[in-house]
Amino acid sequence: MSRSTDDLHDLEIFKDAFSEENLELHITTIQNLDLLAKKLGPSATREELLELVKKHYVELHDEALLHLADQLRKFVPLVGGLQHSEIIFQLLGKLCVTGETIVREKAIETIVCILETLDLAQVENFLLPVVNDLIKNDWFTSKCSAVDLFPYLYPKLSEAKRSELRNNFKTLIQDDSPMVRREAASVCVGFVGVMEEEFLVSEFVPIFQDIAQDPMDSVRVGTIDIALALFKRVKKESLQECIFKTVEDTSDDVSWKIRQRLASSIALIQQQVLHGKYRGKIVALLQKLTQDSDPEVRMLVALNLFNYCEHLKESYATYGEKNFEAVFEQSIMVAIQKLAVDESENVRLALCSNILPLRSLLSEECFKKNIVSFLLETLINEESIAIQAKFLFGLSSLSDKVDLTDSLDEIKNSIRAVIVRSHTNWRARRSVVATFVDVAKFCSSDYFSTHFKAYYATLLGDSIFAIRRTAATILPVISKHYGIKWSSEHLVPFFTTFTRDTRYLYRFVSLFGISEMVRPYLCPEPGTFLGDWKRFFERGFLNEEIDKRALLAFAKIVKTSHLIQKELREEKYVSMLSLKDELSYVSHLDADIYLEQDFTNMSLKYKNLNLYSVEDAELNGTNWPYLHGLLNLIYNKFLPILDTLNKDPIENIQIRAICTLAEISEFITKLNQEESEEWVQKALKLLTNEEISVIIEEIHNGFKTAIFQEKDLAEPLDTDLIEAEDEPDLTKTIFVESSTSAVLSENTKYTSLVKEVMEIFNEKFEKSAEKNLDIGEVPEETSNKRQTESLSEVPQ
């Protein structure tokens with residue numbers, strides 16, 4: 001008796017909650033509905049609780065109804081099993097009529113979930129009557145919910161009931177309400193998948209024709225998807241031709257929505273319509289869509305171009321034919337040429353994203369003949385900076401087998417155009433950074449220094465923080481390609497000269513360069529720094545023949561690392577490192593932020609690049625192994641710069657300097673651990689004491705001549721490469737206070753370089769003046785105002 005009283009009390013509380021106009025209370029009550037059902041038991045849940053909900057559900061807010069639709073999924077066991085689930089379907093049927101779409105969708109989702117556990121008799125006894133009631137209801141939401149259930153309901157019915165359901169579908173597809181017809185058309189794809197083929201031919205193909213001729217474009221838009229579904233199921237050739245003819249007719253539809261859907265599905269059509277005789281018709285459709293009057297249609301064609309070509313090639317391979325490249329040259333290139341000169345920039349931009357990936361589908365000869373020549377023509381004639389930048393960035397997707405040596409002049413001109421004219425699109429300038437690595441594969445270090453170094457310097461001094469940060473990431477990759485000795489003379493000075501820039505955000509550039517050289521963002525850290533040296537010497541131990549050049553270079557590495565370890569024990573560095581544990585700064589965190597997705601994906605390209613590998617060319621005396629050069633830079637340049645920046649008045653600079661020093665310390669510690677291994681000592685013992693003494697003396701003499709001095713920061717870099725004493729030194733008019741000039745303070749060998757970069761900046765200023773834009777130096781006190789647009793704030 002006590003239990004019955006408690007149950008009655010709980011029901012009264014539940015009923016009172018419905019009468020309250022409190023949304024939060026309603027939601028909480030519904031969320032606890034299953035707990036109350038467990039307490040009441042199956043009988044009371046069926047006869048009292050759910051009947052109460054059925055009576056008062058109209059008083060609930062849509063959000064509460066959404067939770068109710070979800071809760072009912074749990075109620076089959078709570079009402080006593082499937083044999084008692086009729087009340088659940090009745091309640092879900094009422095939720096299928098509500099005006100809020102998300103509530104109806106959740107109710108349908110719950111019905112489908114329960115439907116999977118029902119047998120044929122239970123479906124026809126409990127669920128089918130609810131669906132029939134929904135169909136008979138005059139309100140469109142009811143009919144839409146009913147038709148959504150057809151694909152799930154059909155396989156669970158008897159033959160007689162299936163026939164009845166097909167007839168109901170024919171009625172709904174001709175309903176007066178366009179919303180119902182649209183919903184029925186969208187359900188067709190799923191319905192085709194479960195229907196018997198005989199009924200597809202006799203009943204569904206005519207329905208498909210009705211949909212294709214519907215007066216509402218929101219209904220006709222489903223024509224393409226239904227046609228593709230029918231192609232999978234219908235085997236009769238005459239019917240396939242009829243279906244495809246309907247698809248072709250959509251290209252002339254007066255509604256842009258239909259033509260857009262056709263354009264976005266062109267690759268899918270080629271994939272699923274396998275018969276070879278339709279290839280030419282699909283190509284004709286592609287060419288026709290490239291001339292469509294609506295730019296959105298043409299843009300979708302361009303976006304699907306690569307996928308279309310991929311499926312076209314698969315189609316030829318399926319039938320053992322080798323005509324793909326011939327068709328590409330004769331037909332696809334015609335479409336590409338039309339899209340390339342499209343008046344809409346969005347169309348051309350979509351095209352450039354799909355051109356270079358075609359390298360994976362075409363032979364090297366075909367690609368070079370058609371695409372590379374097309375690329376050069378585009379770079380010369382294209383006026384859009386965004387498109388030129390996209391093409392330049394896309395060069396990284398090309399195989400190393402594609403030789404761009406003959407294209408370097410066009411690439412250089414495009415880089416210059418992007419830098420000069422992209423004052424309103426800083427991401428275009430940032431995308432150019434990746435191009436420097438790509439062109440390095442095809443040109444000598446002298447050519448790069450003469451033609452591309454000026455532009456790299458320009459980006460290092462850019463007014464946008466994200467560009468400066470991105471430019472630093474490629475330093476170790478180029479250093480490995482051309483040799484770290486070359487990089488020390490030609491690129492590293494660009495970074496060191498920022499140390500005394502008057503704007504603190506630009507002083508970070510020096511720290512970026514140091515951090516990237518020690519712990520590259522794009523290249524994975526190897527498991528061992530001396531792995532290549534170990535394999536080199538172990539082979540020599542076995543053959544009893546050691547390369548003397550390698551032995552001397554390795555000895556310099558070991559002795560230099562010992563000197564750096566000793567230097568790090570100096571009080572000024574010890575005090576800096578003592579603070580590192582108090583800082584939570586992660587050096588690569590800012591790279592993740594400022595490089596964004598496109599550039600972070602570049603790390604996949606260099607995942608197999610080992611900067612510390614040893615190559616024969618690095619032992620010839622004109623170059624250094626990467627590890628040798630890096631240790632020299634750390635001792636001569638990097639440590640003094642970090643000491644200087646640790647005294648910076650800006651706390652963020654001090655923090656970054658300490659964290660960068662910690663990276664160097666960690667690097668040296670790992671290196672010293674490897675140097676303590678037995679094979680290292682065995683290799684060094686092959687040198688005489690006299691040879692060791694000479695190596696140590698060479699190291700010290702080199703440090704004395706190359707050691708970094710603070711006064712160097714205020715003077716032009718001394719490279720001792722003056723070619724003509726009577727030639728005026730234009731760098732005398734460029735001050736270190738400007739980051740633009742700081743990267744250019746080299747002597748008269750690079751007078752032309754200085755001229756070119758100053759021309760770039762002068763042209764940028766002229767362009768910005770025309771648009772009343774300020775793209776010059778960012779005053780330190782105003783830099784924070786621009787951090788949202790330019791990503792110029794340094795992470796704390």
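**Exercise 1.** With which residue does Arg73 form a salt bridge, and how far apart are the closest N and O atoms?

Solution. The model is a predicted one.
- Step 1: The partner of Arg73 is Glu109, and the closest N and O atoms are 2.8 Å apart.
- Step 2: Arg73 sits in the loop between helix 5 (62–71) and helix 6 (75–78), while Glu109 belongs to helix 8 (residues 101–115), so the pair ties together parts 36 residues apart in sequence.
- Step 3: Arg73 and Glu109 are linked with Lys106 in a network of salt bridges.

**Exercise 2.** Is Arg279, which meets Glu321 in a salt bridge, buried or exposed?

Solution. 
- Step 1: The N to O distance between the side chains of Arg279 and Glu321 is 3.2 Å.
- Step 2: Arg279 lies in helix 20 (residues 279–289) and Glu321 in the loop between helix 22 (305–318) and helix 23 (324–340); the pair therefore ties together parts that are 42 residues apart in sequence.
- Step 3: Buried means under 20% relative accessible area. Arg279, at 6%, counts as buried.
- Step 4: Glu321, with 32%, is partly exposed.

**Exercise 3.** Which parts of the chain does the pair of Glu691 and Lys548 link?

Solution. 
- Step 1: Glu691 and Lys548 form a salt bridge, with 3.1 Å between the closest N and O atoms.
- Step 2: The pair links distant parts of the chain, Glu691 in helix 44 (residues 689–706) and Lys548 in helix 37 (residues 548–568), 143 residues apart.
- Step 3: Glu691 is partly exposed at 23% relative accessible area, and Lys548 is partly exposed at 39%.
- Step 4: For the model as a whole, the count comes to 30 salt bridges.

**Exercise 4.** Where is Tyr154 found, and which residues is Tyr154 in contact with, leaving aside its neighbours within four places in sequence?

Solution. 
- Step 1: Tyr154 is in the loop between helix 11 (150–153) and helix 12 (159–173).
- Step 2: With 0% relative accessibility, Tyr154 counts as buried.
- Step 3: Apart from neighbours within four places in sequence, the contacts of Tyr154 are Arg162, Leu165, Arg166, Phe191, Val194, Met195, Glu196 and Phe199.

Terms used:
Residues are numbered from 1 along each chain as its sequence is written. This is a predicted model: local features need pLDDT of at least 70, side-chain atom pairs count only at pLDDT 80 or more; totals for chains, interfaces and linings use all residues. Side-chain values use heavy atoms; hydrogens and water are left out. A salt bridge is a side-chain nitrogen of Lys or Arg within 4 Å of a carboxyl oxygen of Asp or Glu. Helices (H or I, at least four residues) and strands (E, at least two) are DSSP runs, numbered from the N terminus. Buried means under 20% relative accessible area, exposed over 50%, partly exposed in between (1.4 Å probe, protein chains only). Contact means heavy atoms within 4.5 Å.
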